[in-house]
Amino acid sequence: MMQRWHRKKSHFPLIAFIFLGIIVCSILYNESSIQQVHEEDPSNQGPNHQQHATTVTYVKPNLGTHSNFAPVLLDRFSRCNSTSEYSGKRIRWGDSKVERGRRKSLESCDVFAGKWVFDSESYPLYNESDCPYMSDQLACHKHGRSDLGYQHWRWQPHDCNLKRWNVTEMWEKLRGKRLMFVGDSLNRGQWISMVCLLQSVIPADKRSMSPNAPLTIFRAEEYNATIEFLWAPLLVDSNSDDPVNHRLDERIMRPDSVLKHSSKWEHADILVFNSYLWWRQGPVKLLWSAEENGACEELDGLGAMELAMGAWADWVASKVDPQKKRVFFATMSPTHLWSREWEPGSNGNCYSEKMPIDWEGYWGSGSDMPTMRMVEKVLGRLGSKVSVLNITQLSEYRKDGHPSIYRKFWETLSPEQLSNPKSYSDCIHWCLPGVPDVWNELLFHLL
């Protein structure tokens, strides 16, 4: 017995050495592809569910100077040298320091569930003509809208009251801080609304507005505060990041990088993000940061948005300390393009609408439910690092709040369009004063 044990023991170091060699080789192989992890999981699906295999490639976003290849910044002249089907790559993001669960509120009331109440005594909170920073795209009364009922609606939560808007208190919340809105033209409308809500108490010689640029800044010297807007309609770097010249035949984005924009937003104290509308305009070209030859992939809007949200969420998860920086994400702003959805049998849109929809829980096709679920999933993983500004349902009721034909149009309208107002009605953006003011009241309430 003892002899047999000694004989086996003499082979043990050799077996251990071979086993150790296998482990070392395995580690070296895995580390050689540290930035791309391949996993086989039948339950994993790509953002647009187009993969034809179970192997998923994960890409770590926002590597910047830490990567071996620094990608060229995209602009409106960027082009794809070739385009292929979506390869199935996904964004790997996450941070072990993210605490699950939403930021705790001082009240249990859901301020986003309620109804619109006509209140001509308290609303509007400012006059259109009194705001020197008003946009011609949103100044509906100036451009011929005579019915002003859209300005007098107050949002009333079912089980509580919103904190009453107070200009001085809001400025005190902003003292010494940078409030920045980041996103598309709908977020720009909310930014203009906030400027109009606040600017009246600042003497003209103590306030300023920078020229229109990717980053536009309103400054209030007395409070050492700024209210800023950063044009970033896709959140990630893209060829549509020019605030003026962004109507392009081909939308190209870097699905794994927000670095061009985050370099501008990272020092803001309060951030309000949005992204939705631009993902509803057809397929998007993906140009990954590691791609040096201009080879793009094509993906549907929802799938591309999920990738972009992953890159954005990676920045939030790794960079945001909720004790020092407040981050809000505004959910989708609805459109009202088909009146048959709220008035069966009709064939119009928001044109000539003068009253909100009186149908609790109304949800039209202008708000995409799969997109809402995807956003909810991403924000849920970020926990207390982000607060949700859930504007969708309350805005769904306001078919009366869009500019329709009462705005400045930059392109020349044809005689055919002019003879058919609904054909060129803007049922996407919102008149000011109006619905975006309520979004800002909700922001004030949550700060």
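Visitor: How many helices and strands are there in the chain?
Guide: Ten helices and 16 strands. Helices (H or I, at least four residues) and strands (E, at least two) are DSSP runs, numbered from the N terminus. This is a predicted model: local features need pLDDT of at least 70, side-chain atom pairs count only at pLDDT 80 or more, and totals for chains, interfaces and linings use all residues. Residues are numbered from 1 along each chain as its sequence is written, and side-chain values use heavy atoms, leaving out hydrogens and water.

Visitor: What share of the residues is buried?
Guide: 51% of the 447 residues. Buried means under 20% relative accessible area, exposed over 50%, and partly exposed in between (1.4 Å probe, protein chains only).

Visitor: What about contacts between residues at least 6 apart in sequence?
Guide: Of these, 78% join residues at least 24 apart. Contact means heavy atoms within 4.5 Å.

Visitor: Sheets next. Which strands form the open sheet of four?
Guide: The order is E3-E14-E13-E11, with mixed pairing. Two strands pair if DSSP finds at least two bridges between them.

Visitor: Which are the edge strands?
Guide: Strand E3 (82-85) and strand E11 (252-253), each pairing on one side only. E11 runs parallel to strand E13 (residues 284-286), joined by two bridges. There, Met253 stands opposite Leu286 in E13.

Visitor: Which helix packs on that sheet?
Guide: Helix H6 (residues 301-319). H6 touches E11, E13 and strand E14 (295-299), and its direction makes about 115 degrees with that of E14. Axes are lines fitted to C-alpha atoms, for helices over the stretch in contact, and angles run from 0 to 180 degrees between N-to-C directions.

Visitor: Now hairpins. How many residues lie between E8 and E9 in theirs?
Guide: Five. Strand E8 (residues 207-209) and strand E9 (residues 215-220) run antiparallel, joined by three bridges. Met209 stands opposite Phe218 in E9.

Visitor: And what do E9 and E10 form?
Guide: A hairpin, with four residues between them. Asn224 in the turn has a positive phi of about 50 degrees. Six bridges join E9 to strand E10 (residues 225-231), and the two run antiparallel. Thr216 stands opposite Phe229 in E10.

Visitor: Helix pairs now. At what angle do H4 and H10 pack?
Guide: About 75 degrees, with axes 9 Å apart, for helix H4 (residues 185-198) and helix H10 (residues 435-446). They are therefore roughly perpendicular to each other. Angles under 35 degrees count as roughly parallel, over 145 as roughly antiparallel, 65 to 115 as roughly perpendicular and the rest as oblique.

Visitor: Which residues meet there?
Guide: Among them, Leu186 and Met194 in H4, and Trp439 and Leu443 in H10. By class, this contact has six nonpolar, four polar and one charged residues. Ala, Val, Leu, Ile, Met, Phe, Trp, Tyr, Cys and Pro count as nonpolar, Asp, Glu, Lys and Arg as charged, and the others, Gly among them, as polar.

Visitor: Which residues of H3 meet H4?
Guide: Val167, Met170, Trp171 and Leu174 in H3 meet Met194, Leu197 and Leu198 in H4. That contact has seven nonpolar, no polar and no charged residues.

Visitor: Last one. Where is Gly64 found?
Guide: In the loop between strand E2 (55-59) and E3. Gly64 is partly exposed, with a relative accessible area of 21%.
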